[in-house]
Structure formats: C-alpha cells, structure tokens
Amino acid sequence: MKKTISTVLLASFMLLTACSSNSSDTSSTTTPSGGAASTSKEITVWAWDKNFNIAAMNLAKDAYAKDHPDVKINVVEYAQDDIIQKMNTGLNSGSKSGLPNVVLIEDYRAQSFLKTYPDAFADMSGSIKASDFAEYKLGPTSLNGKQYGVPFDSGVAGLYVRKDYVEQAGYKVDDLKNIDWQKFIEVGKAVKAKTGKDMLTQDPNDLGLIRMMIQSAGAWYLKSDGTTPDLKDNAVLKEAFETYKEIMNANIVKVNSDWNSFLAGFNSGAVASVPTGNWITPSIKSQADQSGKWAVVPFPKLKNTASSVNASNLGGSSWYVLNSTGKDTAADFLAKTLGSDVNLYQKLVTDVGVVGTYKPAAQGEAYTKADDFFGGQKVISDFATWTAQIPKVNYGLHTYAIEDILKVEMQNYLKGKDIAKVFSDAQSQAESQLK
C-alpha cells in the first residue's frame, strides 16, 4: 500500500461509485462473465478467492439447488480489485446491466458503500434474523436500523502458540490464556533466552496488529460517526502504538517484509507464536510434522485500557444483494443458505475452513470436533466462543486511507519521534486529506 493518499482516495471514490449499483436495472441480458439476471430465476454472484469465498458460495449454491432446481446461480470469480473496476466501468458507461445480483464486500469497506449509496442495496432486515449473527458483524453491515449485509466469515483472532517452545522457556500454554501484551513480552523474552526463537514475525509496515489491539477495546481510527478522524486524543490507539513499540524493541520479533516471509516465519519453526485471524489456520496446519506442537489461546488484551478484552478481529466480509432485477430471488437464496442453514455452516468448516458468524451453527458437530493437529483442542468451538466476544466498532469510511498515514507515522515513532507529535501530525493530515 505505497500509493499516495490522493490515489487511495480516488480509488476509494471509484469503488464507492461502483457500489451505487443497478437500483433501477431492467436489463434482460446475461453475459457469461456475470451479468444481471434475465429473469427472477437466474442470479449472478461476484466474489474473490477461489479456495475460500468462491468455494463457500458454491456450497451454498448446491444447498439451495436441492429445493430450488429451477433457479440458476452463476458464481463468478474475480480479484477484488477487478470487481471494483468492473462495477465502476459499468456504472460510468451509463448502463447498469452487467452487474451482479449478489456481491461480496469486505467489512472494512462496507460502511462506505452503504452510507454513500444506500439505494444500491436491498434491505435484508426481513430476510435474515440479524441477532443470530455475531454482534460485531452488525456494525459494518447495517445502517440506520436496517440490515443490509448477510454476515459471512469471522476474522476472529487468536494467539497461536508453539507449546514446545513455551514449555522449554518454563511456561505452560495455560499461562498464556487471557493475558495482556506485557505478559506476552515477558514470555517472549524467556522463549528467546531459552530457545533462541523469536516470539513472533512482524512486518513493520503492516498495521494488522494495531487493528486487532484497538478493536479489542472497541475503538477505531474514526469517531462513532464513521467519518471524523480520531487520532490525536485516541488513548486506545496511543497505548496500541506504545505496546507495538515495546514488542518491536524487546528483541523478540523476526521482521518480515511480505506474505511469503510471514508464512515462512512460523512454517520454518523460527517463531513461537502467531497473533492473527483464524484464517491462518490452514497455513499453520500445512506443516504436518508440527502436528501436536501448536495450541490456540485467546488474543492478548491491552494492559492499561479497561475496555480491552481478550477477543478481537482481523478481516472478514459479508454478502449484499443489489437492488436490481432478480433481487427477490437473490435475497431468498442468501436467506435460506448463509442466513439460516446450520448444516451448510458445518460443511463450510469441514470442506473450506470457513468459521462463520452465524451463532446457531456453533453447536454443530463440525464446530465441536477435536482437532488432532492442535493436540485435541476444539479450536473451531473456541473461535466461535471468542467471535461472540469481539467488541463492535464502526469501521467507517477511511480505514485504509488513515492507515497509509499511520504507517508513515509508525516508522517515525519507531525511530524516536514523540508520541504526541506522531498523533498530532497524523490528525492534521487526516483532517486535510479526508475532507
């Protein structure tokens, strides 16, 4: 994310424009690449990631087809950036045809879509029971009392721990449950002294850890209105930055610069823990020779912030129906699958690795099954429990634009810039650039 802020804002504007959608679309043509449905019995879904989101949607499609064989569902894969471009191009051409009936939107971007173009999306309040989903997902997926999104995957975070390294340092896995970050640093130093292994691997330009720290306390980069930058006087963000610097200065971090080196950090056995979203589980389990050596405990909390809890989130997305021809069928499809089908959610866990945010599914067999890789721990059940504890925040309109500012200021802070000056400057930049 090395774009200039102006480029990011332009891209964001184009993205939001794309989301104004086809609220009055009456097109009767369908293209192989995924156009608006020609009848109410044909719908098109756009999403990214063949092995995760697309695989999950195909399972939902198969489940729906059992009772609705007359409905044709086209599941189309594009990269997320391509979805943005195609929607933007279609809208700017003056034609609203060629757009999907159902689209996947990242939770960090959802409020931008909903606030700027509320007429683009169908109100799903009467199609799903919002209270059946994890409360934290309702923040980004609803607006003005209406539920627009069907919450999908959980980005619930955990602290993945190498049991053998921790035990060599004189601790037990139980000693790392429900800890704060200062305890994490203490254990990390002991692990480094006894084993020579770093406690974690971290890219200094990736603020995912900061996101998880502040959401654990119900805070974000913006005020509750979702638009006003909240940096200068944000005590939670200040503690997160200070904690991050403590971790980086404790000589317990194996620095990485990209995704592959991040994966290599724990796959090679070079680090003792991985604090991140549950979607990393397949990557950790990819090393069969490490089976039985890992456990997962609750995410650490901020020590000096009373509202911080041992639960947080990183990532996640939800499904939206566009106001266009076929919207009733699209809404029914989502309502009867990802909006209510407990059995489908069991298959999402076993076949794809998706930990959903549909609470009734948590009692299913797939959620409560022990995982031999994690020494028999019921990790999916634990993640489901922690999902329900994640504080609800308003991600608002400018997550990525503000992070571009904070990435620079984080580097300045790590090099010695005063913390008050860091946030004063960040606040000024945000206010001037995000008008």
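K435 is found in the segment after α17 (419-433), the helices (H or I, at least four residues) and strands (E, at least two) being DSSP runs numbered from the N terminus. Along the chain K435 is 207 residues apart from T228, and the C-alpha atoms of the two are separated by 9.2 Å.

## Basis of the model

Residues are numbered from 1 along each chain as its sequence is written, and side-chain values use heavy atoms, with hydrogens and water left out. Since the model is predicted, local features need pLDDT of at least 70 and side-chain atom pairs count only at pLDDT 80 or more, whereas totals for chains, interfaces and linings use all residues.

## Overall composition and core

The chain has 17 helices and twelve strands, and 58% of its 435 residues count as buried. Of the contacts in the chain with a separation of 6 or more, 76% are between residues 24 or more positions apart, a contact being heavy atoms within 4.5 Å.

When neighbours within four places in sequence are left aside, L338 is in contact with M57, A60, F133, V150, F152, W319, L344, Y345 and L348.

## The second largest pocket

Rolling a probe the size of a water molecule over the atoms shows where empty space is left. On a 1 Å grid over the protein atoms alone, a pocket is an open set of points where a 1.4 Å probe fits, with protein on both sides within 12 Å along at least five of seven lines, and lining residues have an atom within 4 Å of a point. The second largest pocket has a volume of about 450 Å³, a volume being the space filled by probe spheres set on the points, which are joined across faces, edges and corners.

This second largest pocket is lined by 20 residues, with K285, V349, T350, D371 and I380 lying nearest its centre. Two or more lining residues are given by each of α11 (281-285), α13 (342-352), α14 (365-368) and α15 (379-387), and α13 provides the largest share, five residues. By class the lining of the second largest pocket divides into ten nonpolar, five polar and five charged residues, where Ala, Val, Leu, Ile, Met, Phe, Trp, Tyr, Cys and Pro count as nonpolar, Asp, Glu, Lys and Arg as charged, and the others, Gly among them, as polar. The second largest pocket lies between domain 1 and domain 2, because both give residues to its lining.

## Buried serines in loops

S216 is found in the loop between α8 (208-215) and α9 (235-249), and it counts as buried because its relative accessibility is 1%. Not counting residues up to four places away in sequence, S216 touches L302, S307, S308, V309, A311, S312 and P391.

S312 itself has its place in the loop between β11 (294-298) and β12 (317-321), and its relative accessibility of 0% is why S312 counts as buried. Leaving aside its neighbours within four places in sequence, S312 is in contact with G155, V156, A157, R211, M212, Q215, S216, F299 and I390. From R211, S312 is 101 residues apart in sequence and 8.7 Å apart in space, C-alpha to C-alpha.

N144, in the loop between β4 (142-143) and β5 (146-147), has phi near 50 degrees, a positive value in a residue other than glycine, and counts as exposed at 73% relative accessibility. N251 is found in the loop between α9 and β9 (253-255); phi of N251 is near 60 degrees, again a positive value in a residue other than glycine, and at 54% relative accessibility N251 counts as exposed.

A250 also has its place in the loop between α9 and β9, but at 13% relative accessibility A250 counts as buried. Residues up to four places away in sequence not being counted, A250 touches I185 and K189. The C-alpha atoms of A250 and M199, which are 51 residues apart along the chain, are separated by 9.9 Å.

Technical notes
Domain bounds come from an automatic or database domain assignment. Buried means under 20% relative accessible area, exposed over 50%, partly exposed in between (1.4 Å probe, protein chains only).
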